[in-house]
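Dear colleague,

Please find the structure below, together with its sequence. My notes on what was found in it follow directly after.

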Amino acid sequence: LLATPFMRQILLGLMARAAELYPVTIGDLMVMGNHIHMFLVVQDPGVFDLFIRYFKTESAHAINALKGEAKGTIWEEGYDAPMVVTMASLIEKAIYIYTNPQRANLVRTIEEYPNISTWSLAKAGTKEELSTKRVRRLAVTALPKDKLPLGEILRFSREMDKRLKGKVELCLNPRACFEALNEDSELSFEEYRKQIIDGVREEEAALESKRQKEKKSVLGVLALKCQSIFRRHVPAKFGKRMICICSDITLRIDYLRRYRAFCQECYEVYCAWQAGDRSSPFPP
């Protein structure tokens, strides 16, 4: 179901509404079966957590409604949101997210992946203005059963699509992160884009060679399109959350120093508010 037009409407519609309420720019995007990668550019850091909270809350309601469950845990608590500080780190992470499906042995190339991603935009160096459906809680109803053939999935998707009323605009712009960091880089956008495309191709070739040696195959497009959202998943990896991603050690140390000083300033203002002194704005 994840790869159907209806699920695409739900996820993109909720992202669009979240970005409308709490303005962020969505750059590169990759939706996997059990997690999502988003590159976000924010002008006001105060809205970032609200954007994530809205998307997680509303998508959890929608997925539980599809499963016919009143309540169920969809997302892990919290999220990892490091600041990407250097262009080299941005390129490295872009290659990483665009090779997630290949690394998971789902498809051989990113072009084969049927789920939501901004790869075609990143590859072309363009952005896309989408007009997607507004997703309201009561519009999403339960699937008739947990396993459906592709034809029934698509029929259900069309029926659900008719229930979604209203429009909301969404801009997906893989150029956004490059433009945010470009003041400190001599790299042109074409060079940036080429490094990402070449990096993805090199990683795909290495992964295919590894599969051949280990005599493994990929899950394939059809199996992904028919995969059930009732399938249980328990996270096996719990990495340490990062504050920033930075290829320059000196810059990373400076960033962490300023970040911790800012956190301390926030804490002091918070304590003053708790004591009744609200002369300073919170957060600073």
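A salt bridge is counted here when a side-chain nitrogen of Lys or Arg lies within 4 Å of a carboxyl oxygen of Asp or Glu. Please note that this is a predicted model, in which local features need pLDDT of at least 70 and side-chain atom pairs count only at pLDDT 80 or more, while totals for chains, interfaces and linings use all residues. Residues are numbered from 1 along each chain as its sequence is written, and side-chain values use heavy atoms, with hydrogens and water left out.

Salt bridges

A search of the whole structure gives 17 salt bridges. One of them joins glutamate 208 to arginine 108, with the closest N and O atoms 3.4 Å apart. This pair links distant parts of the chain, 100 residues apart: glutamate 208 belongs to helix 8 (residues 189-214), and arginine 108 to the loop between helix 4 (100-103) and helix 5 (119-124). Helices (H or I, at least four residues) and strands (E, at least two) are DSSP runs, numbered from the N terminus. Arginine 108 has a relative accessible area of 37% and is therefore partly exposed; the classes are buried under 20%, exposed over 50% and partly exposed in between (1.4 Å probe, protein chains only).

Aspartate 49 and arginine 53 also meet through their side chains in a salt bridge, at 2.6 Å from N to O. Both residues lie in helix 2, four residues apart, which is about one turn of the helix. Aspartate 49 is partly exposed, at 29% relative accessible area.

A further salt bridge connects the side chains of lysine 216 and glutamate 214, at 3.3 Å from N to O. Lysine 216 is partly exposed at 49%, and glutamate 214 is partly exposed at 40%. As background, side chains of opposite charge can pair when their charged atoms come close.

Nonpolar core

A nonpolar core is taken as a set of buried Ala, Val, Leu, Ile, Met, Phe, Trp, Tyr and Cys residues joined through side-chain atoms within 4.5 Å. The largest one has 38 residues, of which Ile10, Ile26, Leu29 and Leu66 touch the most other members. Two or more residues of this core come from each of helix 1 (5-21), strand 1 (25-31), helix 2 (48-66), helix 6 (150-163) and strand 5 (167-172). Helix 1 makes the greatest contribution, with 10 residues. In soluble globular proteins, nonpolar side chains tend to be buried together.

Aromatic residues and the surface

The whole structure holds 10 aromatic pairs. One of them is formed by tryptophan 273 and phenylalanine 282, a tilted pair with 6.3 Å between centres and 55° between the planes. Rings of Phe, Tyr and Trp (its six-membered ring) pair if their centres lie within 6.5 Å; planes under 30 degrees apart count as stacked, over 60 as edge-to-face and the rest as tilted. Tryptophan 273 is partly exposed, at 27% relative accessible area, and phenylalanine 282 is partly exposed, at 40%.

Phenylalanine 282 is placed in the segment after helix 10 (249-274). Together with Tyr267 and Tyr270, Phe282 forms a nonpolar patch on the surface, with about 330 Å² of accessible area in total. Patches are made of residues with over 30% relative accessible area and no salt bridge, with like charges joined within 9 Å and nonpolar side chains (Val, Leu, Ile, Met, Phe, Trp, Tyr) within 5 Å. Accessible areas come from the Shrake-Rupley method with a 1.4 Å probe; for residues, only the protein chains shown count as cover.

Elsewhere, ring pairs join Phe178, Phe189 and Tyr192 into a cluster. Arginine 175 lies over the face of phenylalanine 189, at 3.9 Å from the ring centre, and lysine 93 lies over the face of tyrosine 96, at 5.7 Å from the ring centre. For this, NZ of Lys or CZ of Arg must be within 6 Å of the ring centre and within 35 degrees of the ring normal.

Backbone

Asparagine 105 has a positive phi, near 60°, in a residue other than glycine; asparagine 105 lies in the loop between helix 4 and helix 5. Lysine 215 likewise has a positive phi, near 55°, and is found in the loop between helix 8 and helix 9. Lysine 215 is exposed, with a relative accessible area of 77%.

With kind regards
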